[in-house]
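Hello,

Here is the structure you asked for. My notes follow below it.

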Amino acid sequence: MVVDADRDGTALPFAEGQCGVGDVRTILRQIYRGSDGYAIPDGEKRRVARAHSKATYGELLPTATLRLLEHLQPTAHDVFYDLGSGIGQVALHVALATAVAQSVGVELVGTRHATAEAARSRALALGCARARACTLLNRDFLRVGLGDATLVYTCSTAFPAALLRKLAAKLARGRLGLRLVTLQPLGSTPWFAATATLRLDTSWQRRTPVHVYRLTRRAP
Ligand SMILES: C[S@@+](CC[C@H](N)C(=O)[O-])C[C@H]1O[C@@H](n2cnc3c(N)ncnc32)[C@H](O)[C@@H]1O
């Protein structure tokens, strides 16, 4: 049994290896205390620009992640990816709160990735063995193999349209039935069918439209 103290001094008895869904927001608060992903060095901004992307930061709030998970109902057969995972709070949330086989966060900005790794280490130190189901990669998501993905989330609001098109084309070569959750809509696509639009709270706007698609036809 690992016992730690929350911000208000309340003892948190986390049984080793277990984090109940109700605990997850408390754990996230603890492991991210004093951390955020907003300011990044100029060199990192240039790295993102070279990848023809945008480093703009914002987050899906933890209550919104829970609502998204209620909608997706992930199982132990799922492999979840957050593409552009920032400081990793969605990827870690999914690992801690669900039974997915893997939750992978892919983030290009090194300082954000380092914050995510530190938070994952803190979760493990708190006894949350499920944090081991979370893998964090400091990479360009267009250069990462996504062939095992069944659930993909991307907070794509600021992504250039061309980047999102490339990402959709890459995912379309993935597993039939893959579900893609994107904040920027895909527009017309021969591969994905829109299945839902959720309204979820983000750090910049309440009830942000969040678009859910299913891969119904694979790209050759
Ligand atoms: C708006 S933040 C989303 C953070 C987190 N996923 C969330 O929803 O709370 C988008 C992130 O995508 C990252 N990003 C942009 N282009 C990328 C790329 N090609 N590969 C990996 N990460 C990228 C940015 O650095 C940024 O941290």
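Tyr-153 has Val-181 in strand 7 as its bridge partner. The model is predicted, so to speak of local features a pLDDT of at least 70 is needed, side-chain atom pairs count only at pLDDT 80 or more, and totals for chains, interfaces and linings use all residues. Numbering starts from 1 along each chain as its sequence is written.

Strand 6 (151–154) and strand 7 (179–182) run parallel and are joined by four bridges; strands count as paired if DSSP finds at least two bridges between them. From strand 6 the chain passes through helix 6 (residues 161–171) to strand 7, a right-handed β-α-β crossover. Right-handed means that, with the strands pointing away from the viewer, the path from the first strand over the helix to the second runs clockwise. Helices (H or I, at least four residues) and strands (E, at least two) are DSSP runs, numbered from the N terminus.

Strand 7 also pairs with strand 9 (residues 208–215), antiparallel and over four bridges. There, Thr-182 is opposite His-211. Strand 7 is covered on both faces, with Arg-179 and Val-181 buried on one side and Leu-180 and Thr-182 on the other. Buried means 20 or more other C-beta atoms within 10 Å of the residue's own, exposed 12 or fewer, and partly exposed in between, with C-beta atoms placed from the backbone.

In helix 3 (residues 62–72), Ala-64, Thr-65, Leu-68, Leu-69 and Leu-72 are buried. They lie on the same side of the helix because they cover an arc of only 140° around the axis, taken from the directions from the helix axis to the C-beta atoms. Thr-63 and Glu-70, on the other side, are exposed.

Regards

How values were computed
Contact = placed C-beta atoms within 7 Å.
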